[in-house]
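Dear colleague,

Please find below the sequence and the structure that I am handing over to you. My notes follow directly after them.

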Amino acid sequence: MGIAVDIRHAVKRYGTVTALHDVSLAIDDNAFFTLLGPSGCGKTTLLRLIGGFEETDGGEILLFGQDIAHLEPNQRPVNTVFQNYALFPHMSVLENVAFGLKMKGLDTAARTARAGRMLEMVHLSGYADRLPSQLSGGQQQRVALARALAPEPRVLLLDEPLSALDLKLRQAMRVELKTLQEENGITFIFVTHDQEEALTMSDRIAVMHAGTIQQLGTPREIYEAPVNRFVADFIGETNILEAEVHAVSQLTATLSLAGQTVTCPAAAITPGRHHVSIRPERVTLAASGLAATVERVIYLGTDLHVITRLSTGAEMRLRMQNAGRVTPPEPGAAVHLHLEEGALRLLAD
């Protein structure tokens, strides 16, 4: 597998504001790659640099080994699906999908056949003659995808395309997007602030903050082993606690947490006060362990979230599966918490 997009020391400024700080990133061909982060982190700016809608103020961007700085957006082997879909309201669904093929010079028969195949792929064959205004939001999103895929780009850029959809439709489209990427064998670069979207679809994720890449890895690596406090707090739900690190040896740290001595995996780090992270599903009620008091129990259907307070004053959340035989503790109850072995993560602040 080769490299589809190679970003080398990219810098982008808007006046006195630096949106991207020396960003370097290699994205594999045929991968579903996600740029994940909060608003203003630089993820959409990076996507626009790849698509040619913005120019870099430093560094290089290569597509399949070719420097694309001199190429206009329509000259790049890239297509974009925008957040608002950007369909032509006066054109039929079929005409929208065939538009890019017409710009490439395909004859009427060839582009109609190709557009028809694209609509079949996104399960909209029966909607070819409709106008965009006659479609639901989810159907419009599928048309936008079909239109972007029709010219057979080597890279597809997706700028938060699911954000306008309701929850159930977003969940369904996640599966469809991943299936489309695998079936077409092209590189998808997906921008989102939604952690669940990123974890569900991605082969690899770059977590961004303040114009820099904080961590790069698979969904499992990002979730299970966050490298710093920002990543741990941004990806999913977690407990972040202060701990005193006493010693680090052979990538294992010995530390004090709420009066107990525990160990956890650690990279090179100096002894002293640090933060640790543990996911709520890795904390359970037990006969012994960290002493805590239950403050609140939240019913979430499949799960019960139990919010407790440690003797140090720190909050600790745990997640219990809502099985029929589970009896949650009452607010005010004294409990003990067991931390799953190996689940603690020592964080760089």
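How many bridges join strand 15 to strand 19 (residues 334-339), and do the two run parallel or antiparallel? There are 4 bridges between strand 15 and strand 19, and the two strands run antiparallel. Please keep in mind throughout that the model is predicted.

These two strands belong to an open sheet of 5 strands, whose order is 15-19-16-17-18 with antiparallel pairing. At its edges are strand 15 (283-286) and strand 18 (315-321), each of which pairs on one side only. From one strand to the next, the twist averages 50 degrees.

The parallel sense is found around strand 3 (32-36). Strand 3 is joined to strand 8 by 5 bridges, and these two strands run parallel. Within that pairing, threonine 34 has phenylalanine 190 in strand 8 as its bridge partner. Strand 3 also pairs with strand 9 in the parallel sense, over 4 bridges, and here phenylalanine 33 stands opposite arginine 204 in strand 9. Because 5 of the 5 residues of strand 3 are buried, this strand is largely enclosed by the rest of the structure.

Which residues is phenylalanine 190 in contact with, leaving aside its neighbours within four places in sequence? They are Phe32, Phe33, Thr34, Leu35, Leu158, Pro161, Leu162, Leu177, Glu197 and Met201. Threonine 80 is 110 residues apart from phenylalanine 190 along the chain, and the C-alpha atoms of the two are separated by 9.9 Å.

The largest nonpolar core has 34 residues, of which Val97, Leu145, Leu156, Leu158, Leu177 and Phe188 touch the most other members. At least two residues of this core come from each of helix 2 (93-103), helix 3 (108-121), helix 4 (137-149), strand 7 (155-159), helix 5 (167-184) and strand 8 (187-192). Helix 4 gives the most, with 6 residues. Residues up to four places away in sequence not being counted, leucine 158 touches Leu47, Val81, Leu145, Leu177, Phe188, Ile189, Phe190 and Val191. There is also a second, separate core of 27 residues, which includes Leu257, Val283, Met320 and Leu337.

Helix 1 (residues 43-51) is mostly covered, as 7 of its 9 residues are buried. The buried residues are Lys43, Thr45, Leu46, Leu47, Leu49, Ile50 and Gly51. Just after helix 1, glycine 52 takes a positive phi of about 90 degrees.

Two further residues have a positive phi although neither is a glycine. Asparagine 30, with a phi of about 60 degrees, lies in the loop between strand 2 (17-28) and strand 3. Is asparagine 30 counted as buried or partly exposed? Its relative accessibility is 36%, so asparagine 30 counts as partly exposed. For alanine 210 the phi is about 55 degrees, and this residue is found in the loop between strand 9 (204-209) and strand 10 (212-217). Alanine 210 is likewise partly exposed, with a relative accessible area of 46%.

Finally, there is the matter of open space. The largest pocket holds about 690 Å³ of space. Of the 25 residues that line it, Asn74, Val78, Asn79, Gly100 and Pro151 are the closest to its centre. Strand 6 (78-81), helix 2 and helix 4 each supply at least two residues of the lining, and the largest share, 4 residues, comes from strand 6.

With kind regards

Conventions:
Residues numbered from 1 in each chain as written. Predicted model: local features only at pLDDT ≥ 70, side-chain atom pairs only at ≥ 80, totals over all residues. Heavy atoms only, no water. Core = buried A, V, L, I, M, F, W, Y, C linked by side-chain atoms within 4.5 Å. Buried < 20%, exposed > 50% of the residue type's maximum accessible area, 1.4 Å probe, protein only. Contact = heavy atoms within 4.5 Å. Pairing = 2+ DSSP bridges. Axes fitted to C-alpha atoms, helices over the stretch in contact; angles between N-to-C directions. 1 Å grid on protein atoms, 1.4 Å probe; cavity = no way out; pocket = protein on both sides within 12 Å on 5 of 7 lines; lining within 4 Å. Points joined across faces, edges and corners; volume = space filled by probe spheres on them.
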